[in-house]
Amino acid sequence: MSQSAGSHPPDVKPAPAPWTLAGDATIVMLELPGPLLEEQSFIPEALRPRFEGRYSLLMALDYASSNVGPYRELLFIPGRFRTRRGLCWSISKIYVSSWDSVVNGQRNWGIPKEHADFEIAREADGSERFRASQGGEVFADLRFAAAGPSLPASSALVPARLRRLVHHRDGHDYFCAPTARGSARHARLIEARVDPARMPRVDEGRVVFAARLSRFQAEFPVADVELAPSS
């Protein structure tokens with residue numbers, strides 16, 4: 001089943017934080033080659049001097065509900081960055097199927113969201129294929145499989161300082177620490193094909209672990225906004 005993108009953003013109504021979102025997701029932790037990670041993972045110039053590197057995250061999400069309705073999302077986090085609040089994760093590439101999510105994600109948290117079309121399909125072997133495209137051209141084609149028992153999972157077990165995100169927009173740093181809870185099971189990234197002009201080469205990385213989150217609920221709080229330090 002696909003969700004289609006328009007070519008231009010319509011008028012978007014403000015949807016201020018906090019947000020509550022629910023759906024399913026696959027999360028993959030990767031270890032990418034150093035040169036690729038540093039030079040080809042779309043790290044914004046304002047954050048580049050603060051990059052700590054090593055472990056990255058790839059996430060494919062299907063939100064059944066949110067403050068702006070259902071939408072799909074593909075994102076990449078290259079690693080953590082030094083800030084006055086300690087090390088924080090930051091999304092360097094993110095695509096969503098909703099213009100409301102694009103605009104309000106930028107406004108609320110400084111997240112660099114872009115618009116794309118998505119298609120999710122169940123394969124004959126039970127795996128899930130997750131595709132993202134723009135202008136009819138597929139730039140990310142991922143295939144995941146999940147197995148094993150589902151166990152309760154909650155970010156409440158992880159200190160806020162380890163969940164904190166930072167994004168840079170218009171000379172300011174936006175900080176927030178999302179929470180989530182749901183059911184988790186083991187997953188595998190079976191196949192990954194991407195256009196390196198629009199997504200980092202995740203196929204070049206070593207998978208550290210992968211998990212499938214089902215029927216999760218996440219909370220994105222109001223961001224703390226600070227003037228960014230001069231580089």
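Let me start with what counts as a pocket: on a 1 Å grid over the protein atoms alone, it is an open set of points where a 1.4 Å probe fits, with protein on both sides within 12 Å along at least five of seven lines, and its lining residues have an atom within 4 Å of a point. Volumes here are the space filled by probe spheres set on those points, which are joined across faces, edges and corners.

The model is predicted, so local features need pLDDT of at least 70 and side-chain atom pairs pLDDT 80 or more, while totals for chains, interfaces and linings use all residues. Residues are numbered from 1 along each chain as its sequence is written, and side-chain values use heavy atoms, with hydrogens and water left out.

The second largest pocket holds about 160 Å³ of space, and its lining divides into four nonpolar, four polar and four charged residues, where Asp, Glu, Lys and Arg count as charged, Ala, Val, Leu, Ile, Met, Phe, Trp, Tyr, Cys and Pro as nonpolar, and the others, Gly among them, as polar. Among the lining residues are Arg122, Glu128, Arg185 and Arg212.

The largest pocket, by contrast, has a volume of about 1,000 Å³. Of the 40 residues that line the largest pocket, the closest to its centre are Ile27, Met59, Ser155, Ala180 and Leu213, and by class that lining has 30 nonpolar, five polar and five charged residues.

Turning to charged pairs, a search of the whole structure finds 24 salt bridges, each being a side-chain nitrogen of Lys or Arg within 4 Å of a carboxyl oxygen of Asp or Glu. Arg129 meets Asp141 in one of them, at 2.8 Å from N to O, and both residues are buried, that is, under 20% relative accessible area, where exposed means over 50% and partly exposed in between, with a 1.4 Å probe and protein chains only. Arg129 also meets Glu191, at 3.5 Å from N to O; because Glu191 lies in strand S14 and Arg129 in strand S10, this pair ties together parts that are 62 residues apart in sequence. Glu191 in turn meets Arg193 at 3.3 Å, N to O, and Arg193 is partly exposed, with a relative accessible area of 48%. These residues belong to a network of salt bridges that links Glu123, Asp125, Arg129, Arg131, Asp141, Arg143, Glu191 and Arg193.

Conventions. Helix = DSSP H or I, 4+ residues; strand = E, 2+ residues; numbered from the N terminus.
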